[in-house]
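Below is a short briefing on selected local features of one protein model. The sequence and structure come first, then the notes by topic.

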Amino acid sequence: MTSRQQFNIMIVGQQGRLQFEALLFAASLRAQAPGFAGRLIVAEPQPGPLWPDDPRITPDIAEALTELGAEIVPFDSVHFGATYPYGNKIEGLTTLPPGEPFMFFDSDTLILDDISTLDIDFNRPSASMRREGTWPQEELYWPGYTAIWKSLYDKFGLDFASSLDPDQPDEYWQRYLYFNAGWFFGADPKLFGAQFLDMALSIRDDPPPELAIQPLNPWLDQVALPLVIHSLGGGRPGPALDGLDGDMTCHWRLLPLLYARESDQAIAVLEQVTSPNKVKKHLKKNDAFKRMIYQARGHKVRQMFDQNDLPRREQQIRNRIKSAGFWMR
């Protein structure tokens with residue numbers, strides 16, 4: 001099974017910053033991936049007891065998304081909501097048609113090239129390797145990487161040893177299966193979503209003792225995701241999918257970071273797809289988009305950094321941008 005077969009894409013959209021990110025994603029997909037023939041589904045959380053405010057996309061942005069070919073599909077937040085909005089990517093999988101191959105992307109992603117040309121085996125689920133060693137966190141009395149991860153595999157009756165990267169040393173974070181949840185894919189969103197929800201809730205509500213001093217907010221989705229993928233016969237993406245963390249897509253996260261560290265290609269695509277008035281008139285309503293893109297503050301940020309010699313840690317980049325007064329969300 002390859003990506004030349006039709007597959008669907010899901011992103012999350014809701015009122016606030018995410019609806020503008022969703023619009024940018026849709027614009028970049030339509031401009032850069034003309035070969036994509038699947039459905040673009042924007043999963044939209046609905047008002048309810050877990051949201052203090054109405055999370056639905058505003059009508060003007062909803063209309064703009066629809067004009068770009070996106071489908072806004074509602075879902076109810078039953079387990080997460082405002083206290084853990086990352087849970088939208090778990091509960092939102094119910095918006096996808098069951099039994100059809102799918103890819104999830106965080107809304108703060110740019111499509112840079114035609115992703116329909118990638119050779120993807122949807123029966124072997126995988127996720128983004130563009131990550132840092134953010135979890136588990138080293139603590140004074142922690143039991144170590146192996147003990148923590150093994151306790152999770154044991155909890156769900158999974159084979160821990162087969163998940164390890166033998167090329168990495170023991171107790172080094174990259175030895176253990178760990179993803180960025182910015183993109184992931186599978187053959188059946190119903191099966192994948194049910195497994196994701198069950199594992200995430202079980203870890204949240206009944207964690208193994210080894211996790212006693214480990215934070216799960218905001219890391220819960222990235223703790224559960226490797227277990228989901230491993231349980232469904234997947235693993236690390238091979239080199240054929242490197243483009244999903246490089247030339248094909250860009251998980252930019254925040255506009256100041258995009259301008260500071262992403263490729264010239266990403267900047268060019270960003271400014272190209274945000275220039276048409278039908279997109280610009282909406283994105284300018286958001287201060288970060290208005291100032292970074294349309295008032296060219298992003299280029300001032302870019303001039304502060306040598307993209308071939310960036311600070312090693314993201315926090316160093318953030319601090320430099322903040323010191324210059326250019327930080328925006």
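Leaving out residues up to four places away in sequence, Thr109 touches Phe25, Ser28, Gly182, Thr249, Cys250, His251 and Trp252, where contact means heavy atoms within 4.5 Å. This is a predicted model, in which local features need pLDDT of at least 70, side-chain atom pairs count only at pLDDT 80 or more, and totals for chains, interfaces and linings use all residues. Residues are numbered from 1 along each chain as its sequence is written, and side-chain values use heavy atoms, with hydrogens and water left out.

**Thr109**
- Thr109 is in strand S5 (residues 109-111); strands (E, at least two residues) and helices (H or I, at least four) are DSSP runs numbered from the N terminus.
- Thr109 has a relative accessible area of 2% and is buried (buried is under 20%, exposed over 50%, partly exposed in between; 1.4 Å probe, protein chains only).
- A polar atom of the Thr109 side chain lies 2.7 Å from the backbone oxygen of Asp106.

**Helix H2**
- In helix H2 (residues 59-67), the buried residues are Ile61, Ala62, Ala64 and Leu65.
- Seen down the axis of H2, these buried residues fall within an arc of 160°, so they line one face of the helix; the arc is that of the directions from the helix axis to the C-beta atoms.
- Pro59 and Glu67 are exposed on the other side of H2.
- The buried residues of H2 pack against helix H1 (17-32), strand S3 (70-75) and helix H9 (277-283).
- Gly69, which follows H2, has a positive phi, near 95°.

**Tyr141**
- Tyr141 is in the loop between strand S6 (126-128) and helix H4 (145-155).
- Tyr141 counts as exposed, at 73% relative accessibility.

Key: Polar contact = N/O pair within 3.5 Å; in protein donor to acceptor, adjacent residues only side chain to side chain.
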